[in-house]
Amino acid sequence: MSNTPEFQPGPDRPLPEAAEIVVIGGGVVGVTAALTLAEWGVPVALCEKGRIAGEQSSRNWGWIRIQGRDPREIPLMLESQALWRRFGERSPDDFGLRQGGIAYLAEDEEELAEREDWLASARPFQLSSRMLSAAEAGELIGRDAGRFAGGMLTPTDLHAEPALAVPALARLASEAGAAIFERTAVRTLELAGGRVAGVVTEHGAIACRSVILAGGAWCRPFLENMGRSLPQLAVRSQALRTAPAPAIAPGPVGTRSASVRPRLDGGYTVGRVHAARFDLIPAAFAHFRKFLPLYRDRWRFVRLRFGPEFFGALGRRRWRADQFSPMEQARALDPPPDMRVLDGILTGARSVYPQLQGVPAVESWGGMIDVTPDEVPLVGPVAGLEGLTLAGGLSGHGFGLGPGIGLLAAQLATGRDPAADPAPFATDRFDRP
Ligand SMILES: Cc1cc2nc3c(=O)[nH]c(=O)nc-3n(C[C@H](O)[C@H](O)[C@H](O)COP(=O)(O)OP(=O)(O)OC[C@H]3O[C@@H](n4cnc5c(N)ncnc54)[C@H](O)[C@@H]3O)c2cc1C
C-alpha cells in the first residue's frame, strides 16, 4: 500500500549488550520517546517487532488536533503541537506537516450544542478554537449557507502524512544517537528483585536500567503475560484514500457522515468517527465492567461480534522468554478494511463534499486501535514492575498527542520534571475505588 512507511536505519548492527533505556515499539510514541532521550544524550535502544510505524502510526488519518480533546489531554497536546512544529522544522524530509486548521461542521443543533459545550470546557486554555455560523460553515467547504447548522474551527490545528512522518522522526532519532532495531520483538522483561534489569528479544537480551513500553495494542497482552492486568481493548477501524481531487479546505474537515484530510499527493484520506468494530476477545470479558460506560455511550455504532482475533494474536495469553511469541507471529496487525462500511463512508463523503463526486477511491486499509475505558492514555509506572514506564492506550487520537506522550514517558523514565501533570494518565486509575 502507498501508506507503507519507509525507514532506512542504515547498516545492520548487532544488538547492544546494554542500554540505559530500552523503548519497546516503533510507533509515534516509541519513536518520539527515543528521539527525546537521544537528544538528551541518554543511551537508548528501540526495538520494533515489524517495521517503524507498521501499525496504527501509519494507518491513521493524520489529524493533529487539539479541537474536541478531553481537557485532561489539552496541556500535553499543546506541548505535542509545539514538538510537531519543531520536528517539522528540523526534518530534512517534507512529511506533510501543515497548519491548515481543523474544522468540524455540525449537521444539526444537537451536534452544534456538543461543540459549544466543549468550547466552554476548554475556555481556560485560551485556544484558537471558535464557533462558525451556518453561513461560515457552508462557505468553508464551498457549500451554501443552509447545509450545516454551524461548526467549529481551530485555525492552529495541524495535519501531516503519517506514513512519512513517523519514519522521518525515526531518522532524526537515529541521527541523534538512538539505536533502532526493526524486526526485533521483545518477548518479555528480565527482572531482578522486582526491578527491570533488561529485555529479552527474539535475537537476544539487552540489559538496561529502565524500559518504556510503547507497544500500542500489544501493551495489554505483553503485560498479561507477566501476570499484570491492563484495561486496554482494541477496535478495528478503516480508512481510504482518493485519487487527486479539487481542494475542499486548507485542512481536515469532519462531519457526522465523513471526515477528510488533504494529502500531499492531492487526494484525500477519508474516514468516519464511530465506524469502528469491537471484536469480542477474552480480555473484553475480563474488563467488561470498566468498559461498560464507554460501550453504552461511545460505541453505540460499533458492531459487536466474536472476531477472528478471539484466539488470535491479541487473544493468546502466555508464552515464555525462550518461546516464539505472538509478536513474532504478527509483525504488523493488518486487519482487512470493512468494505461495506467504507462504501457508506464514500457515499456520505461525496454527498457532503461535492469536490469528491466522480473521484475514485484508490486504496483502503484497516487498523487496530487501542482504547482505554475513559479514552485517555495510560502513562506512568506499573505497580510491581519498578523501572517500567507504560505509554499506551492512546484511544484513537494518539497520532497528534504521540510526541507529547513520548516526551512525558521519557521524562518519567529518567526522573525529570514532567511537561504536564501525569496524574490524569496514571496506569492504576481504574483500580481505585
Ligand atoms: C484508521 C485510524 C485513524 C486514526 N486517525 C487518527 C488521527 O487522525 N489523529 C490521531 O491523533 N490519531 C489517530 N489514530 C490513532 C493513532 O494512530 C494512534 O493513537 C497512534 O498511532 C498510537 O501510537 P502508538 O505508538 O501508541 O502505537 P502504534 O502506532 O500501534 O505502535 C506500536 C508499535 O509497537 C510495536 N510493538 C508492540 N509490541 C512490541 C514488542 N513486544 N516488541 C517490539 N515491538 C512491539 C508494534 O509493532 C507497533 O509498531 C487513528 C488510528 C487509526 C487506526
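Biologist: In this predicted model, what makes α1 and α6 count as being in contact?

Modeller: Two residues are in contact if their C-beta atoms, placed from the backbone, lie within 7 Å, and by that rule Val28, Val31, Thr32, Ala34, Leu35, Ala38 and Glu39 in α1 meet Val166, Leu169, Ala170, Leu172, Ala173 and Ala176 in α6. The residues of this contact divide into 11 nonpolar, 1 polar and 1 charged.

Biologist: Why are α1 and α6 called roughly parallel to each other?

Modeller: The axes of α1 and helix α6, which covers residues 162–176, come within 8 Å and cross at roughly 25°. Angles under 35 degrees count as roughly parallel, and therefore α1 and α6 are described in that way. The crossing in which α1 passes α6 is left-handed.

Biologist: Which residues come nearest to the ligand, and which element gives the largest share of the shell around the ligand?

Modeller: Of the 42 residues around the ligand, Gly25, Gly27, Gly216, Gly367 and Gly398 come nearest. Two or more residues of the shell come from each of α1, α2, β12, β18 and α12, and α12 gives the largest share, with 4 residues.

Biologist: How do the residues of that shell divide by class?

Modeller: They divide into 17 nonpolar, 21 polar and 4 charged, where Gly is counted among the polar residues.

Biologist: What are the domains of the chain, and how far apart do their C-alpha centres lie?

Modeller: The domain assignment gives domain 1 as 18–101 + 156–425 and domain 2 as 102–155, and their C-alpha centres lie 28 Å apart. The contact takes 19 residues from domain 1 and 19 residues from domain 2.

Technical notes:
Residues are numbered from 1 along each chain as its sequence is written. This is a predicted model: local features need pLDDT of at least 70, side-chain atom pairs count only at pLDDT 80 or more; totals for chains, interfaces and linings use all residues. A residue is near a molecule or strand if its C-beta atom, placed from the backbone, lies within 6 Å of it. Axes are lines fitted to C-alpha atoms, for helices over the stretch in contact, and angles run from 0 to 180 degrees between N-to-C directions. Angles under 35 degrees count as roughly parallel, over 145 as roughly antiparallel, 65 to 115 as roughly perpendicular and the rest as oblique. A crossing is left-handed if the near helix is turned anticlockwise from the far one by less than a right angle, and right-handed if clockwise. Domain bounds come from an automatic or database domain assignment.
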